[in-house]
Amino acid sequence: MLAVFLLFCYHTCRKILDSEEVLYDILIIGAGVSGLSAALAAAEKGLSVLILTKGSRPDGSSNYAQGGIATVSSPKDSFQLHISDTLEAGDGLCKKEQVAILTKNGPATIRKLVEWGVQFTVSHKNETDGIPFDLHLEGGHSCKRILHAADLTGKEMMRALLLQVKKEKNIEFLENRFVRDLIISKRGSASHCDGAVVIHQKSGKASAIYAKSTILATGGAGRLWLHTTNPADSAGDGMAVAARAGVALQDIEFMQFHPTSLYAPALKKSFLISEAVRGFGGILKNHAGEEFMNGVHPLRSLAPRDIVARAIQREMVRTGKPNMFLDITAKPAKDIKTHFPNIFAKCLETGIDITREWIPVVPSAHYMCGGVLVDSWSRTRISGLYACGEVAATGVHGANRLASNSLLESVVFALRAVKDISKHPAPDFIPQKITLEDISVSGGELWKKKKNELRKMMWEHCGIVRTTKSLETGLEQIKVLEKQCLEALRKPGQKTLTLLEFQNAVQNSGMIIENALRRKESRGLHCIINYPNRSKTAKHYNAFLKAPLKK
Ligand SMILES: Cc1cc2nc3c(=O)[nH]c(=O)nc-3n(C[C@H](O)[C@H](O)[C@H](O)COP(=O)(O)OP(=O)(O)OC[C@H]3O[C@@H](n4cnc5c(N)ncnc54)[C@H](O)[C@@H]3O)c2cc1C
C-alpha cells in the first residue's frame, strides 16, 4: 500500500519539478483528513490541485486519531443534543452558527466519506439512515454518537482518502516540502494570496508555487509543548505562516491537554489512550486504588477532558507520583480486545496487559482549539486564502473541544472551503517573479536544542494550570529567544531548516502566551490561578505578530 503511494508521489513530483511555474486552481498545504478531503472535493469539481506535505509521508495528527468522528446518526440523538453538548464543552465561547453548521452537515459528510471508501465499524444493533454504524460514547456526549473504525479511525480515513486521491488525475502531490511563507500580492487595496514559498526538505532548494486559491490545512500545534500526543509535523507552522502574512489568530490560548496518554518513559513517541476507553467503563484511580474523580464532577471518570486533566495533575502533585491509572479490568477481556485492539497491543508491547492490569496515564498537549481566524466558509481576511482542519479557528470548539468533533470539523469545513472556491473562482493572474533564497538542510543543532528548551518552557509556564507570573516569565524568555533568532536570520548563510522551524515555534509560543495573559479569567481550557472565575462576558481574543521576524 505504502509502496503504491510512494510510486504515485514520485510520478507526480517529476511532473511538477519539470515545470515550476504552473498556476494551480488550488494549492493545499497539508495532507491530513482536511487537506485530502478538500483535494477530493475540488477534483470532483474539475479543479486542478497541488497538495504539499512536510514530511516524507503524510504524518499529521489524522493518522493517529483513534476514538472516532462525532455525528448524529441514532434515532435517540438529535442535532439539538449534539449542539448543546458542543456548546456545554465550549464553556460559553463557541460560535453558535458555526456549531449548527458543523452538526447539521454531519450526516451528509459521513455519507461522502463512505462514498470515498472509508469503512466505519458497523453494528447490527443501530439501524441508522440505511447505514448500520456501531456507535461509541465519549466524555461530554450525552448519548452514543461516535462513529469509529475499531480504535484506528484516523488511519482508516487516511487509507481511504489517500487511495481515492491516487485515482484523481487532477490532484498532484509533493512530499518533503516545508512551506516557508505565503506569497501575498496587492490587488487594488486588497491583499490576495498567490501561493507559497516552499523549501525542499532534502535539498534546501526554495521554489515558488502559484495558485488562484490556497488552503492552509497544516494541522495543530501540540509540538510546542514538551509532553504531547501530536506527531512531529504538528508544530503550528500554518499559524506562524498566516500570522506573518497579517492574518489574525484567535482563541490560541486554548490548548486541550488530553488527560490520558500512556505513561511509558521508555517509549520514544507518546501514545494516546482514547477517551473511548473511559466511555467504555474505564475508571481513573490513584496509586492507592482510590477513585479520585468521585466528588470532582458528577460524571466522575467521564467528566470533560479539561476537568479530568486538571484533576489528574492535582492528584499527581498531591501524591508526588509521576502518573495515575485507568482501570478497564472489570470489562470482559474479549470485549476489550475487540473494541481496542490497537491500545491493547501497544500496552502489551510495554509490558501491560490491560485486560488484567491498570493502564498508567499522564496528561499531554493534544488539540489546538484556536488558530487562523476564518469565517463560516473557511475564508481568512486575505482573499484567496482559506484555512481548515486543526489549524483553523472556526469557533466551533470555543474554550474547549468536545471529543471527536475535530475530525468532523476538518471535513465539513474543508468541503465548505471548496464550495466557496468553486462558487467564486479567483481570476487567473501572471505569477510575479519573487526572490528566492535556498537554505542549508544540515547543521542547526543549536536551534533544535533551543526548540526543546522552548517546549519545556511552554510546558512549565503555559501548561495545564497557569499563573500571571509564570506566563510573564515565559514571555521574558521568548523575547530573548526572539532576539537570538532574528540575529541568526540576518546573518548571511546561516539559514537552516531547523532555524526556520524554530522561528515558527518562537512566534507561535509568544502569541499564545500573550493571548493567555490577555484572558483575565479562567474559562474552559484556560485555567489561571490569579483569575479563578469566569467573567460575565464571553470574548474572543485575537493574536497578531507585532514585529514579524521576517529576515
Ligand atoms: C493521538 C491523537 C488522537 C486523536 N483522536 C481524535 C479522535 O478520535 N477524533 C477526533 O475528532 N479528533 C482526534 N484527534 C484530532 C484530529 O486527529 C486532528 O484534529 C485532525 O486529524 C487534524 O487534521 P488536519 O487535516 O487538520 O491536520 P493533520 O492531520 O495534522 O495534517 C497536517 C498536514 O500538514 C502538513 N504540514 C504541517 N506543516 C507544514 C509545513 N510547514 N509545510 C508543509 N506541510 C505542512 C503535515 O505534513 C500534514 O500533512 C486526535 C489527535 C491525536 C494527535
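## Helices α3 and α4

Phe-79, His-82, Ile-83, Thr-86 and Leu-87 of α3 meet Lys-96, Val-99, Ala-100, Thr-103 and Lys-104 of α4. Contact means heavy atoms within 4.5 Å. By class, this contact has 5 nonpolar, 3 polar and 2 charged residues. Ala, Val, Leu, Ile, Met, Phe, Trp, Tyr, Cys and Pro count as nonpolar, Asp, Glu, Lys and Arg as charged, and the others, Gly among them, as polar.

The model is predicted: local features need pLDDT of at least 70, side-chain atom pairs count only at pLDDT 80 or more, and totals for chains, interfaces and linings use all residues. Residues are numbered from 1 along each chain as its sequence is written, and side-chain values use heavy atoms, with hydrogens and water left out.

Two packed helices are described by the angle and the distance between their axes. The axes of α3 (residues 79-89) and α4 (residues 96-104) come within 9 Å and cross at roughly 135°. Axes are lines fitted to C-alpha atoms, for helices over the stretch in contact, and angles run from 0 to 180 degrees between N-to-C directions. Helices (H or I, at least four residues) and strands (E, at least two) are DSSP runs, numbered from the N terminus. α3 and α4 are therefore oblique to each other (under 35 degrees is roughly parallel, over 145 roughly antiparallel, 65 to 115 roughly perpendicular, the rest oblique). Their crossing is right-handed (left-handed if the near helix is turned anticlockwise from the far one by less than a right angle, right-handed if clockwise).

## Helices α2 and α6

The axes of α2 (residues 33-44) and α6 (residues 153-167) come within 10 Å and cross at roughly 35°. This crossing is left-handed. Val-33, Leu-36, Ser-37 and Leu-40 of α2 make the contact with Met-157, Met-158, Leu-161, Leu-162, Gln-164 and Val-165 of α6. The classes here are 8 nonpolar, 2 polar and no charged residues.

## Positive phi in loops

Most residues other than glycine have a negative phi. Asp-91 has a positive phi of about 55°. Asp-91 sits in the loop between α3 and α4. Asp-251 also has a positive phi, near 60°. Its loop joins β10 (249-250) and β11 (255-262).

## Aromatic rings

The whole structure holds 6 aromatic pairs (ring centres of Phe, Tyr and Trp, its six-membered ring, within 6.5 Å). Trp-225, Phe-257 and Trp-459 form one aromatic cluster.

Arg-401 lies over the face of Tyr-367, at 4.3 Å from the ring centre. Arg-416 lies over the face of Trp-377, at 3.8 Å from the ring centre. A charge sits over a ring if NZ of Lys or CZ of Arg is within 6 Å of the ring centre and within 35 degrees of the ring normal.

Definitions and conventions. Rings of Phe, Tyr and Trp (its six-membered ring) pair if their centres lie within 6.5 Å; planes under 30 degrees apart count as stacked, over 60 as edge-to-face and the rest as tilted.
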